[in-house]
Amino acid sequence: METSAPARRLSTRFVAGETLEQALDVARQLNSEGISVTLDHLGESVSNLDEASDARDVYLRTLDAIHHHAIQGNVSLKLTQFGLDLSYDACLANVHQLVRRAAELQNFVRVDMESSDYTDRTLDLVHTLFDRYGTVGVVIQSYLYRSQADIEKLCARKIRVRLCKGAYLEPASAAFPEKSKVDQSYMDLTRYLLEHGTYPALATHDEVIIRQIIAFVTERKIPRDAFEFQMLYGIRRDLQDRLVKDGYRLRLYVPFGKAWYPYYMRRLAERPANVFFMLRNLIRK
Ligand SMILES: Cc1cc2nc3c(=O)[nH]c(=O)nc-3n(C[C@H](O)[C@H](O)[C@H](O)COP(=O)(O)OP(=O)(O)OC[C@H]3O[C@@H](n4cnc5c(N)ncnc54)[C@H](O)[C@@H]3O)c2cc1C
């Protein structure tokens, strides 16, 4: 799927390109529009530690390139791409190198959150590296019951949190099955982060929630540079433009690389209408 030409064309809706250079071009364009980026080299669940080292090297090159080209941006990574399924220690050593480089370059590494099997190990690793460098933050998903407790610990240590709703299929024993509860939890956690967190990143395309956040920060007189909104490349461009025009900070998550299939499928699953657009484009092209 990832190597067939027609299928690859589909991925361009959500993916900046296959190479770092293409991702940097997109980043430069977004920066010129007042939008910062977080670059994600696509890939997850590697099958051996050589692949994990390769992923680490791509990320080291990405941090260097961001610095060299003065891009307003940082990086986001998935621990399964850095070997978490194979060895916690090897994964930690890989991410360690990256977080250390980020510290040298005064940049930042965001560790994405994957399915709930990985939550404990992801938080452990981030807490460990934060203690040494401070240049690492993590993602919390509002669909998990445990998230309030996790956020309280992260805020107490001043670890930066990106809040999202959560993109994986989770059992009802771990996550709210009802969307209304996930949304409610998102707003509850957002209020907590805005009052107790360190530069929270509010990652959502949900217009209702964004309106509630704006009402909350306005009422509490929380400055616009005390937090940022985040969205995914290729989703709700109209909303992105509006936020920037209104003076809010916005960062886009910009994926690049060849291993786009799982990422693309999660984006399709989030919105059934995307499947229709995908099929229409497939037929047109
Ligand atoms: C910057 C960023 C980083 C993320 N990192 C992670 C992570 O580390 N771990 C994780 O589990 N999840 C992550 N996610 C994904 C997230 O969990 C949600 O699955 C995703 O953002 C959709 O939820 P929503 O908040 O936009 O709201 P929803 O209620 O799903 O959607 C609200 C509206 O947004 C628009 N929209 C949402 N998704 C799409 C789409 N795919 N295509 C077109 N329109 C769409 C539609 O207009 C929709 O009505 C991240 C999301 C963002 C923005």
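1. The side chain of glutamine 240 has a polar atom 2.6 Å from the backbone oxygen of isoleucine 235. This is a polar contact, meaning a pair of N or O atoms within 3.5 Å; within protein, one atom must be able to donate a hydrogen and the other to accept it, and residues adjacent in sequence count only if both atoms are side-chain atoms. Glutamine 240 belongs to helix H9, residues 237–245. Helices (H or I, at least four residues) and strands (E, at least two) are DSSP runs, numbered from the N terminus. Glutamine 240 counts as buried because its relative accessibility is 0%. Buried means under 20% relative accessible area, exposed means over 50%, and partly exposed lies in between, with a 1.4 Å probe and protein chains only.

2. A word on the source. The model is predicted: local features need pLDDT of at least 70, side-chain atom pairs count only at pLDDT 80 or more, and totals for chains, interfaces and linings use all residues. Residues are numbered from 1 along each chain as its sequence is written, and side-chain values use heavy atoms, with hydrogens and water left out.

3. Next, the ligand. It is surrounded by 26 residues, and the closest are Gly166, Lys179, Thr204, His205 and Glu270. A residue is near a molecule or strand if one of its heavy atoms lies within 4 Å of it. Sorted by class, this shell holds 10 nonpolar, 6 polar and 10 charged residues. Here Ala, Val, Leu, Ile, Met, Phe, Trp, Tyr, Cys and Pro count as nonpolar, Asp, Glu, Lys and Arg as charged, and the others, Gly among them, as polar.

4. Which elements supply at least two residues each of the shell around the ligand? They are strand S4 (136–141), strand S5 (161–164), strand S7 (228–232) and helix H10 (261–270). S7 gives the most, with 3 residues.

5. The side chain of glutamine 141 has an N or O atom 2.9 Å from an oxygen atom of the ligand. For lysine 165, a polar side-chain atom lies 2.7 Å from an oxygen atom of the ligand. With arginine 267 the backbone takes part: one of its polar atoms is 2.9 Å from a nitrogen atom of the ligand. On its own the ligand has 930 Å² of accessible area, and the protein covers 88% of this. Accessible areas come from the Shrake-Rupley method with a 1.4 Å probe; for residues, only the protein chains shown count as cover.

6. Where does the ligand sit? It sits in the largest pocket. On a 1 Å grid over the protein atoms alone, a pocket is an open set of points with protein on both sides within 12 Å along at least five of seven lines, whereas a cavity is a set where a 1.4 Å probe fits but cannot get out; lining residues have an atom within 4 Å of a point. A molecule sits in either one if more than half of its atoms lie within 2 Å of its grid points.

7. Alanine 70, in the loop between H3 and strand S2 (73–77), has a phi near 50 degrees, a positive value in a residue other than glycine. Alanine 70 counts as exposed because its relative accessibility is 61%. Glutamine 106 lies in the loop between helix H4 (88–104) and strand S3 (109–111). Its phi is near 55 degrees, again positive in a residue other than glycine. At 75% relative accessibility, glutamine 106 counts as exposed.

8. Serine 76 is part of strand S2 and is buried, with a relative accessible area of 0%. Alanine 52 is in helix H3, residues 49–68, and at 0% relative accessibility counts as buried. The C-alpha atoms of alanine 52 and leucine 86 are 9.5 Å apart.

9. Last, two residues in other helices. Phenylalanine 276, in helix H11 (residues 272–284), is exposed at a relative accessible area of 53%. Alanine 5, in helix H1 (residues 5–11), counts as partly exposed because its relative accessibility is 41%.
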